[in-house]
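Hi,

Here is the structure I promised to pass on.

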Amino acid sequence: MLDSIKQWWYTVIKEQYELTVWFEDSCTTNLDTKEETFTRTKKTFQMKGISKHTNNHIKGVDINGCAVEIKTVKPFDYHIVKIY
């Protein structure tokens, strides 16, 4: 009972997001079929605020209060989940 009240209270007053970003590492091309294969790296951040998010630029503040800015030339995939 107390945990459910605590979770409800966090949803009212607190903001927390989980940001997952996939960066493209390398591209391998098969010369016979002309098929490209991409390898990606996944990074996860716990954020308390996100001020800008596009395919090339993400800006915000993490849980510890440090500024986080990800800016690339190539577009990357990202996923934002609101926890509280």
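Below is what I found, by topic.

A word on the basis: this is a predicted model, in which local features need pLDDT of at least 70 and side-chain atom pairs count only at pLDDT 80 or more, while totals for chains, interfaces and linings use all residues. Residues are numbered from 1 along each chain as its sequence is written, and side-chain values use heavy atoms, with hydrogens and water left out.

Strands first. Helices (H or I, at least four residues) and strands (E, at least two) are DSSP runs, numbered from the N terminus. Two strands pair if DSSP finds at least two bridges between them. S1 pairs with S2 in the antiparallel sense over 12 bridges, and Glu18 has Gln46 as its bridge partner in S2. S1 also pairs with S5, again antiparallel, over six bridges; there, Val21 has Tyr78 in S5 as its bridge partner.

The hairpin of S1 and S2 has six residues between the strands, and one to check is Lys34, with a positive phi near 60 degrees. Most residues other than glycine have a negative phi. Lys34 is not a glycine, and at 64% relative accessibility it counts as exposed. My scale throughout: buried is under 20% relative accessible area, exposed is over 50%, and partly exposed is in between (1.4 Å probe, protein chains only).

Now the inside. A nonpolar core here is a set of buried Ala, Val, Leu, Ile, Met, Phe, Trp, Tyr and Cys residues joined through side-chain atoms within 4.5 Å. The largest one has eight residues: Tyr17, Leu19, Val21, Met47, Ile58, Val68, Ile70 and Phe76. S1 and S4 each supply at least two residues of this core, and S1 gives the most, with three. Leu19, in strand S1, is buried at 0% relative accessibility. Leaving out residues up to four places away in sequence, Leu19 touches Lys43, Thr44, Phe45, Met47, Ile58, Tyr78, His79 and Ile80, where contact means heavy atoms within 4.5 Å. With the neighbours within four places set aside, Tyr17 is in contact with residues including Phe45, Met47, Ile50 and Ile80.

Next, salt bridges (a side-chain nitrogen of Lys or Arg within 4 Å of a carboxyl oxygen of Asp or Glu). The structure holds two. In one, the side chains of Glu24 and Lys74 meet at 3.2 Å, N to O. That pair links distant parts of the chain, 50 residues apart: Glu24 sits in strand S1 (residues 17-29), Lys74 in the loop between S4 (67-71) and S5 (77-82). Glu24 is partly exposed at 32%, whereas Lys74 is exposed at 55%.

In the other, Arg40 pairs with Asp77, and the closest N and O atoms are 2.4 Å apart. Here too distant parts of the chain are linked, with Arg40 in strand S2 (residues 36-53) and Asp77 in strand S5, 37 residues apart. Arg40 is partly exposed at 45%, as is Asp77 at 39%.

Last, the surface. Trp8, Trp9, Val12 and Ile13 make a nonpolar patch of about 470 Å². Patches are made of residues with over 30% relative accessible area and no salt bridge, with like charges joined within 9 Å and nonpolar side chains (Val, Leu, Ile, Met, Phe, Trp, Tyr) within 5 Å. Areas come from the Shrake-Rupley method with a 1.4 Å probe; for residues, only the protein chains shown count as cover. Trp8 is in helix H1 (residues 2-13) and is exposed at 53%.

Cheers
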